[in-house]
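Let's take a walk through this fold together, from the whole chain down to single residues. Have the viewer open and follow along.

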Amino acid sequence: MATVFDIRLKKVNKVYHEGDTVSGVVVIVSKNEVKHEGITLNLDGAVGLQLSSKSVGLFDAFYNSVKPIQLINYTLEMAKPGKIPSGKTEMPFEFPLKPKGSKSLFETYHGVFVNIQYLLKCEMKRGLLNKDLQKIQEFIVEYRANAERAFSKPVSFCITPDSMQNIKEKTKIPTFKVKGHLDSTVCCLTQPFTGELVIEHCDMPIKSIELQLVRLETCGCAEGYAKDATEIQNIQIGEGDVCRAVSIPIYMIFPRLFTCPTLVTTNFKVDMEGSTAEVLPIPEFNAWNVKPTSQPCSLADVMSEELAQSLELKDKLHQTKIIHDTLQVTDVVSEESKDGNTNSDLLLAQMLQMEYDKEYDDILKRKEEKFNGTNKVSISFANYRKMPEGFYESDSSSEGEDAEFREWDSFEESEKSSPVVGKTGFTKQGTTITTKHDATICGRRNACRVMGFPPGFLTGDAGGFDMKLSNSVYNHLKVHSMTEQKRTKRLHDKVEKSTVEQVLDPKTRLIVYKIINSGVLENVNGIVSTGKESVVLHAEGGKTETQLVPMECALKVYKTTLNEFKSRDKYIRDDYRFKERFNKQNPRKIIRLWAEKEMHNLNRIHQAGISCPEVITLKKHVLVMSFIGTDAKPAPKLKEVELSSEQFQDAYKQTIDIMQKLFSVCKLIHADLSEYNLLWHNNNVWVIDVSQSIEVTHPQAFEFLYRDCCNISTFFSKLITNVLSGKELFTAVCGLTFPGEGTELLSQIQDFERNEEFLAHGVSDKNYSFDYMFDLSQKEAEKKQQSENLTQEALPKAE
């Protein structure tokens with residue numbers, strides 16, 4: 001059980017006023033005793049200011065950061081270094097909510113550029129090998145209710161085109177006049193904002209009338225003040241072409257979470273403004289206020305293909321001009337940066353404009369993705385982009401199709417640069433000792449494991465920086481991932497889950513499309529079978545100039561996750577053919593090695609004359625083979641086929657012959673041979689699923705062979721007589737004999753493998769070298785004792 005560290009306030013709503021006492025308890029719950037180096041509690045209140053790049057510029061916003069304004073700060077020592085007993089421990093605390101010196105506390109406020117926050121931070125210092133515990137609790141500060149109400153005075157207003165200040169081309173605005181009044185410009189946050197307005201005159205019909213509440217935040221900087229406006233509420237008070245000279249009421253409730261009392265200090269200011277907006281269908285006007293005459297045209301001209309092509313060409317020329325101008329600016333920037341001359345104001349303005357356009361396009365892309373979500377029908381915002389889509393992205397083909405998996409390179413580099421911890425549990429480099437529980441090594445390992453979570457678990461680009469995750473965080477993420485997996489399995493059908501989400505992802509579909517376009521396949525029909533490692537689909541063969549493709553093919557697509565078959569690595573890491581290329585951290589590389597291994601095994605088996613699928617081509621984790629069956633119906637497995645006793649006897653002899661040829665000719669062991677991986681087609685036994693097949697030199701080769709022999713003997717002993725036992729079949733295949741039966745025999749085989757591994761490499765990978773050396777020393781001691789006994793017996797005879 002992990003240690004629970006929490007701060008609990010006495011007030012449930014966590015709302016306090018200046019002069020109150022903030023009280024509560026620090027709760028520590030642990031199953032065992034917790035040793036610590038001291039526990040401290042800090043109360044901190046500050047104003048954080050952030051400058052906007054739109055107001056002061058991109059460079060000033062980055063460099064001219066405003067130091068936070070400290071309002072209140074207290075520190076209390078909760079416990080001195082020692083131990084916290086097991087169970088639940090509560091430590092009470094109290095803080096007076098009084099500001100420093102002559103300052104006053106402001107209300108809690110979370111804005112865009114101004115942030116007023118009050119935090120309680122408790123920290124437990126622990127030893128070198130343990131992570132410090134920390135808990136942060138925010139509480140809210142509000143002004144006390146004032147009994148004296150502000151003096152309410154109505155304020156009248158009149159809006160005309162001449163009074164509008166934020167319109168550049170006023171000639172395009174139709175003539176209108178809006179009058180009204182506000183009940184008061186000094187408002188209480190708990191009371192509504194009221195008034196009324198009247199449309200006296202408007203030349204054009206009105207679509208709607210809207211009332212906006214705008215928040216103005218002003219921050220101080222080195223060059224003066226930076227002012228930014230943010231719209232926090234927009235309500236409609238009139239819809240359609242409202243009647244003229246009719247009073248329209250104004251009634252707005254302030255959103256409490258997004259507003260605060262007006263604040264005016266020497267460093268920042270927060271106030272609210274209201275504005276009205278009339279939405280009008282404004283037509284186009286020219287400088288002389290003369291409507292241009294339109295030339296009549298026929299419907300055939302509008303629908304002509306030439307007109308469509310000319311419009312498309314015009315649009316392409318416009319986009320090409322934009323790209324040319326941008327590239328020209330980029331070239332000038334690169335040339336002047338080489339010369340060290342960047343004094344051109346025009347050049348700097350164009351550079352900033354490029355950055356703003358890129359930021360605008362990125363925001364638009366995120367909004368598009370959020371709006372579409374996982375819908376099959378999506379809406380594109382491409383027409384509103386500043387630059388064409390894909391302009392900012394590199395289109396180099398040298399990056400490859402797996403550029404998004406380059407994050408694994410950073411993990412591999414970090415692993416290679418980290419000290420290697422051996423089987424002793426620690427390593428020493430000079431005066432530095434690193435254990436297997438090192439926080440940095442464990443953090444990187446946990447981050448790498450998180451990147452291997454299922455595709456539905458969004459992990460982000462963790463490979464772009466040196467991310468480290470503690471064991472606690474990793475365990476929480478793992479539990480969440482497993483919970484989401486179970487929930488997804490309940491929502492989706494098993495076949496759809498195994499094919500769409502884990503196999504036919506967008507990259508896999510692209511690979512299949514390329515295989516079809518190359519002419520190897522004509523089309524892909526459907527799923528034939530599913531398993532823990534792959535899905536097999538039926539396809540129709542095509543025609544190529546260099547290769548003869550059968551009429552029916554099998555498309556084997558390996559699953560792109562390791563969730564259902566997590567023990568793949570033990571079949572690859574000790575295989576000399578793939579040992580140097582094995583990398584457990586990258587799931588896609590393991591899957592490609594898995595597919596490549598099956599291709600090599602099938603080629604070797606086919607050359608030995610054993611009935612198996614013939615390999616046609618391999619593209620990453622998609623393997624194309626000949627189809628075992630007829631008319632899109634796969635051949636039945638030995639588990640499912642109904643045969644006579646003579647046919648089963650013949651199948652048994654063929655199976656033994658296949659196992660012997662695999663061992664003696666192919667130098668392979670199937671490692672998963674059973675009635676499920678043997679097909680019956682045209683009175684012959686066919687071998688399939690040889691991706692896990694291993695070399696006879698594998699450290700666990702004879703263990704896997706004995707398991708295959710037991711599987712075959714168990715299956716055929718239920719159908720026919722005169723079947724060899726697992727031990728007899730093992731001896732018939734490899735020629736080795738060991739004493740014992742069942743578990744004892746398996747133990748003897750494992751001891752033999754360990755001894756062979758030790759003699760071949762000097763060190764056993766399974767930490768059993770001590771047992772082997774102990775047995776050798778016992779045998780030498782026995783031989784020595786026997787020689788001494790023989791010597792003593794020979795001495796009396798000599799006398």
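Before the core comes up, one term: a nonpolar core here is a set of buried Ala, Val, Leu, Ile, Met, Phe, Trp, Tyr and Cys residues joined through side-chain atoms within 4.5 Å. Buried, in turn, means under 20% relative accessible area. And keep in mind that what you're looking at is a predicted model.

With that in hand, go to the largest nonpolar core, which has 54 residues. The members that touch the most others are Ile 605, Met 659, Leu 705, Ile 712, Phe 716 and Phe 730. Helix H14, spanning residues 701–717, is the top contributor to this core, supplying 9 residues. Where does the core sit relative to domain 4 and domain 5? Domain 4 (502–634) and domain 5 (636–761) both give residues to it, so the core lies between them.

Setting aside residues up to four places away in sequence, Leu 705 touches Met 659, Phe 663, Ile 669, Phe 730, Val 733 and Cys 734. There's also a second, separate core, this one of 41 residues, and its members include Phe 5, Val 47, Ile 69 and Tyr 109.

Now pick out Thr 655, which lies in helix H13 (residues 645–664). Is Thr 655 buried or exposed? Its relative accessible area is 1%, and the cut-off for buried is under 20%, so Thr 655 counts as buried. Leaving out neighbours within four places in sequence, Thr 655 is in contact with Leu 678, Val 685, Ile 712 and Phe 716.

Of its 799 residues, 36% count as buried. Take the contacts between residues at least 6 apart in sequence: 66% of them join residues at least 24 apart. The accessible surface of the chain comes to about 49,100 Å², with 53% of that belonging to carbon and sulfur atoms.

An open sheet of 3 strands runs in the order S1-S3-S8, with antiparallel pairing. Strand S1 (4–9) and strand S8 (87–96) are at the edges; each has a single partner strand, so one side of each is left without a neighbour in the sheet. From one strand to the next, the twist averages 20°. Inside this sheet, strand S3 (residues 21–30) and S8 pair over 10 bridges in the antiparallel sense. One of the pairs to look for is Ser 30, whose bridge partner in S8 is Gly 87.

Strand S2 (residues 15–16) pairs with S11 in the parallel sense over 2 bridges, and Tyr 16 has Val 141 as its bridge partner in S11. Strand S10 (residues 114–124), by contrast, runs antiparallel to S11, joined by 7 bridges.

Strand S14 (residues 193–202) and S17 pair over 6 bridges in the antiparallel sense, and Gly 195 stands opposite Ile 250 in S17.

Follow the chain out of S17 and you'll find Pro 261 in the loop between S17 and strand S18 (263–264). Pro 261 is partly exposed, with a relative accessible area of 22%. Not counting residues up to four places away in sequence, Pro 261 touches Glu 107, Tyr 143, Leu 189 and Val 270. The C-alpha atoms of Pro 261 and Cys 187 are separated by 9.2 Å, though the two residues are 74 residues apart along the chain.

Last stop, a hairpin. Strand S25 (residues 615–619) and strand S26 (residues 622–626) pair in the antiparallel sense over 4 bridges, and Thr 617 has Val 624 as its bridge partner in S26. The hairpin has 2 residues between the strands, and Lys 620 takes a positive phi near 55°.

Terms used: Residues are numbered from 1 along each chain as its sequence is written. This is a predicted model: local features need pLDDT of at least 70, side-chain atom pairs count only at pLDDT 80 or more; totals for chains, interfaces and linings use all residues. Side-chain values use heavy atoms; hydrogens and water are left out. Buried means under 20% relative accessible area, exposed over 50%, partly exposed in between (1.4 Å probe, protein chains only). Domain bounds come from an automatic or database domain assignment. Contact means heavy atoms within 4.5 Å. Two strands pair if DSSP finds at least two bridges between them. Accessible areas come from the Shrake-Rupley method with a 1.4 Å probe; for residues, only the protein chains shown count as cover. Axes are lines fitted to C-alpha atoms, for helices over the stretch in contact, and angles run from 0 to 180 degrees between N-to-C directions.
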